[in-house]
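Here is a friendly note to read alongside the structure. Please keep the view open while you go through the points.

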Amino acid sequence: MKGPAKLFVKSFGCQMNVYDSQRMADTLAPQGYAETAAAEDADLIILNTCHIREKAAEKVYSELGRMRRLKEAAAADGRRVLIAVAGCVAQAEGEEIVRRAPAVDVVVGSQNYHRLPDLIARAKSGGHAVDTDFPLDDKFERLAAPSRAKTRARGVTAFVTVQEGCDKFCTFCVVPFTRGVETSRPVEKIVAEAEQLAGAGVREITLIGQNVNAYHGAGANGSARSLAQLLERVAQVRGIERLRYATSHPLDMDDALIAAHRDLPALMPQLHLPVQSGSDRILAAMNRRHTRADYLDLISRLRESRPDMALTSDFIVGFPGETESDFAATLRLAEEAGFAGAFSFKYSPRPGTRGAEMADQMDETEKSERLYRLQEAIERSQAAFNRGCVGRTLDVLFERPGRYPEQIVGRSPYLQPVQIEAPASMIGEIAPVTITEVASNSLFGALEPCSVSSPCNGEVGEPTGPARSGRPDDRHSEPGGGQTPPRTAVGGSTLPFQGRDKTASVGA
Ligand code: 5AD
Ligand code: SF4
């Protein structure tokens, strides 16, 4: 074979998969695999799959059809292509995948990515290799770290998985089955990863986990640390200016974490907090273990701690037995909570979950109709948030070039994409931007020539940034610290909240 072998990885679903896909590529790099964005050039194709809803799982099989054709075309040219299925569909379906799609060579569950080189070698020597155990060895210990150049190429924001699995057993959710029991990585391993990322130019880290605020990893002295303590520690990493975390369960939002949004300058005023339903009856049937009133009380405590907190959420419509009055309660919650955005989904019965066995499964047409009504409410809330940002000055971390020359795109503290005209040399900087216009999913603005927390000499492009001396947008708070305008969290590399039926958040 000429040159390095080529690897094509396609990630479906949540940020955990995006992170895992990168770590798989990092682990295969020392084996001689270089990444390609073109599936037709690849010698190894990995589909990193999602099982959260039926639609997501079925997408994998249609994609496998396409990959089989590429494999056959390559074989006709005398080139061998291997196909691997990773992620939650692999974990849930195991051998069944090879039966349904015989072109698949490797099936690897989400805890076994460190074994990929082995599995590939086995498949190369003939037959299929399937590994969906929950091994005792820690995959994070065995997965290779990216090179500095690779980290640089991935940009100035990064995910770090700090926690995996979930013990909550919401009755609609497959995560406890596909990702297993809740486990947390030790603090110092996470800090070491953050330091390595910071050293390669990363300025913002999102700590991710299926139920991230249940984090309880070992600290340096071996005793368990909470997410609030972990955030405080990661905030000390030189070069990391911004922190976020996702996805959180309302029950695990403790007082220390709420206070961290007030006290920790690097922690962004943004939180994804799935509620799923606004009806107490449905919340109980979902085994969410909190009421509507508990949720509303929690968000008001969060806003007391951090008045400009941008809250987003997840909703499921059409859970078994959901009446029109249950749905009306959900709609009211979506209207009253002042959400900055939300994902909303039609309930999809998943194999092995209690919800799938419940009587009163709802008709699809009715689900679609409710989804539509809910999404309209979410969009109104989103639009109001975006409008509330016009005229405000927000600190933006610039991440990448825009679609047009001289345009760059960054994120506000609330995770909104913000587009401005500025040189690409500003990518990686944090600078104040005055918002002049909003579109459905983006804000547009202009650089502030000078500002209180970003001393500059008037030259656009001068390194600025809100240092770590105060809350990033203290100076922009509405008079009286007022009620936050709702916010739109929008598509992109971190947490897209289009309000449409799309997968993106992690779990919880
Ligand atoms: N059907 C529909 N939506 C679901 N989610 C999880 N399981 C299901 C299901 N069976 C949604 C929840 C969760 C998000 C990641 O996906 O809203 O918060
Ligand atoms: Fe766990 Fe979230 Fe799934 Fe509930 S919805 S079981 S909290 S991952």
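Predicted model: local features only at pLDDT ≥ 70, side-chain atom pairs only at ≥ 80, totals over all residues.

1. Residues are numbered from 1 along each chain as its sequence is written, chains are lettered from A and ligands numbered from 1 in the order in which they are written, and side-chain values use heavy atoms, with hydrogens and water left out.

2. Now to the cavities. A cavity is a set of points, on a 1 Å grid over the protein atoms alone, where a 1.4 Å probe fits but cannot get out; lining residues have an atom within 4 Å of a point. Grid points are joined across faces, edges and corners, and a volume is the space filled by probe spheres set on the points. The structure holds three cavities of 30 Å³ or more, and the largest cavity has about 440 Å³ of space. It is lined by 36 residues, and closest to its centre are Ile-52, Arg-53, Cys-173, Val-506 and Gly-507.

3. Which elements give two or more residues to this lining? They are α8 (175-178), β13 (310-317) and β14 (341-346), where helices (H or I, at least four residues) and strands (E, at least two) are DSSP runs numbered from the N terminus. With three residues, α8 gives the most.

4. Ligand 1 takes up the space of the largest cavity; a molecule sits in a cavity if more than half of its atoms lie within 2 Å of its grid points. Around ligand 1 there are 13 residues, the closest being Arg-53, Phe-172, Gln-276, Asp-314 and Ser-348; a residue is counted if one of its heavy atoms lies within 4 Å. This shell has five nonpolar, four polar and four charged residues, and β13 and β14 each supply at least two of its residues.

5. Look next at the polar contacts of ligand 1 (pairs of N or O atoms within 3.5 Å). One of its oxygen atoms lies 2.9 Å from a polar side-chain atom of Arg-53, and an oxygen atom is 2.7 Å from a side-chain N or O atom of Gln-276. A polar backbone atom of Ser-348 is 2.8 Å from a nitrogen atom of the ligand.

6. Gln-276 lies in the loop between β12 (270-272) and α12 (280-285).

7. Ligand 2 also takes up space that is the largest cavity. Its surrounding residues include Cys-166, Cys-170, His-249 and Arg-288, and the shell divides into eight nonpolar, two polar and two charged residues.

Note on methods: 1 Å grid on protein atoms, 1.4 Å probe; cavity = no way out; pocket = protein on both sides within 12 Å on 5 of 7 lines; lining within 4 Å. Polar contact = N/O pair within 3.5 Å; in protein donor to acceptor, adjacent residues only side chain to side chain. Nonpolar A, V, L, I, M, F, W, Y, C, P; charged D, E, K, R; others polar.
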